[in-house]
Amino acid sequence: MKLAIFVDQFPSRSQTFVINQIVGLLSQGVDITILSLSSKTTNSERELIAIHPELVNRTIFLLNEHGKSSKAKLYTRVMMVVKALFNQERRQRVMKALSLRLGHHGKSLLLASIASRFKHSLQFDVILCHFGYNGIVANKLSQLGVIKGKIATIFHGFDISAKSALEKYNNDYQKLFLQTELILPISDLWKNKLLELGCCEEKICVHRMGVDLNLFQYRKKNDYQLDMLDGVAKNMKLFTVARFSRKKGLEYVIRALKKLPKDIVFHYYLGGFGELEAELKQLVVELKLEDKVTFLGALEQHEVTKHMLAADVFVQPSVTADNGDMEGVPVALMEAMAMGTPVLSTFHSAIPELINHGEHGLLAKERDYKGLAKNIETLYRDKQLVNELTKNARSKIEAMSDVEKLNLELINKLTSISGKT
């Protein structure tokens with residue numbers, strides 16, 4: 001089977017689940033091409049080689065735009081389209097890509113600029129798109145004949161929960177549901193949302209994201225946690241890695257720390273970056289927690305693993321943002337559970353499909369920082385509960401989130417629509 005993975009940017013540090021899936025499918029012998037809806041950068045080859053040596057020759061950057069400003073990008077698109085209109089072999093396809101019926105993807109010259117770059121269709125058995133909005137673009141490119149193949153789309157979170165996304169893409173989603181072959185939500189929650197939006201159930205199949213259990217091996221806390229006194233951690237190490245955005249709920253962990261009893265000695269390590277960084281740092285100052293919170297900045301995967309192993313608790317306090325944006329199932333939660341680090345999270349999105357409260361981890365209501373504080377205290381004081389939670393969590397990950405098993409299931413699903421055997 002010749003498979004294309006369609007993404008908006010590749011590689012993306014915030015989408016490790018895409019990278020893990022691609023590497024896993026390559027190890028299964030799948031003939032993969034990555035179609036990236038972005039331009040090649042000076043660092044692209046180095047980044048691709050660091051992930052997998054074959055990716056340099058397996059990645060096609062669909063755009064070739066210079067400059068970061070909107071004006072610079074538009075100028076590049078105009079020049080490419082004008083040039084293509086004088087090319088007899090590409091003129092007809094580019095003209096079709098300018099049609100008003102293609103919506104903002106046509107008006108912005110996005111489709112036309114991509115169509116202008118390829119003399120012949122890019123042909124695959126299946127085109128697997130990550131996120132609904134990329135499925136839309138792939139479907140339009142397929143209608144134009146730029147790419148050919150059956151289309152499957154994975155819906156993750158923002159693409160099906162944010163109000164702006166639903167308003168912007170609703171009409172295109174209806175065409176995606178009707179014109180393409182397979183819709184793959186990552187949770188039962190998103191399956192039900194797709195049904196509400198009008199996708200027929202026969203085309204929907206839940207496909208979860210997972211982790212490589214060979215990379216995240218289980219270790220009991222007493223195998224490496226040496227900072228103990230009478231069974232209680234002297235200095236509880238809490239860790240979170242996330243993009244600093246509203247739906248991550250990071251302010252509520254910080255507020256929870258202020259509510260902890262005085263006898264609990266702790267330190268919170270927060271890895272990541274994003275638009276709320278200054279706001280979060282200011283909150284730490286306001287609550288006088290400067291000596292209790294360390295901002296680690298952006299972390300590479302090996303650094304995340306190191307901090308997760310050293311942590312007594314991994315915290316993922318996800319919330320529904322004001323614009324409706326929600327998580328899928330955070331991969332970092334699965335990684336922590338696989339490694340034997342106890343997890344605290346919230347009753348948010350599909351997280352309860354992964355974690356049963358009191359069985360695989362502890363959950364609080366969204367934005368309930370007092371509830372988060374209570375759960376932190378519980379894990380600090382009850383070592384027996386910690387051992388039970390981590391053992392159960394590993395078993396849950398093995399059953400539900402083993403990426404190797406999930407990739408084999410995905411291959412079967414995609415083969416079923418490709419017509420290949």
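A residue counts as buried when its relative accessible area is under 20%, as exposed when over 50%, and as partly exposed in between (1.4 Å probe, protein chains only). The exercises below use a predicted model, in which local features need pLDDT of at least 70, side-chain atom pairs count only at pLDDT 80 or more, and totals for chains, interfaces and linings use all residues. Residues are numbered from 1 along each chain as its sequence is written, and side-chain values use heavy atoms, with hydrogens and water left out.

**Exercise 1. Find out whether Thr33 is buried or exposed, and list its contacts beyond its neighbours within four places in sequence.**

Step 1: Locate the residue. Thr33 sits in strand β2 (residues 31-39); strands (E, at least two residues) and helices (H or I, at least four) are DSSP runs, numbered from the N terminus.

Step 2: Check the area. Thr33 has a relative accessible area of 11%, so Thr33 is buried.

Step 3: Look for partners, with contact meaning heavy atoms within 4.5 Å. Leaving aside neighbours within four places in sequence, Thr33 touches Leu3, Ala4, Ile5, Arg58, Ile60 and Phe124.

**Exercise 2. Describe how α15 packs against α14 and against α18.**

Step 1: Recall what to report. Two packed helices are described by the angle between their axes and the distance between the axes. Here axes are lines fitted to C-alpha atoms, for helices over the stretch in contact, and angles run from 0 to 180 degrees between N-to-C directions.

Step 2: Start with α14 (residues 301-310) and α15 (residues 331-339): their axes come within 10 Å and cross at roughly 50 degrees. Angles under 35 degrees count as roughly parallel, over 145 as roughly antiparallel, 65 to 115 as roughly perpendicular and the rest as oblique. α14 and α15 are therefore oblique to each other.

Step 3: Name the residues. Gln301, Val304, Thr305, Met308 and Leu309 of α14 make the contact with Ala332, Glu335, Ala336 and Met339 of α15.

Step 4: Turn to α18 (residues 383-400), which packs with α15 at an angle of about 120 degrees, the axes being 7 Å apart. This pair is therefore oblique too: α15 and α18. Met334, Met337 and Ala338 in α15 meet Ala393, Arg394 and Ile397 in α18.

**Exercise 3. Which residues have the most contacts inside the largest nonpolar core, and which element gives the most to this core?**

Step 1: Define the set. A nonpolar core is made of buried Ala, Val, Leu, Ile, Met, Phe, Trp, Tyr and Cys residues joined through side-chain atoms within 4.5 Å.

Step 2: The largest core has 75 residues, and Leu3, Phe10, Leu128, Phe314 and Leu354 have the most contacts inside it. α15 gives the most to this core, with eight residues.

Step 3: Follow one of these residues. Beyond four places in sequence, Leu128 has contacts including Leu3, Phe6, Ile154 and Leu414.
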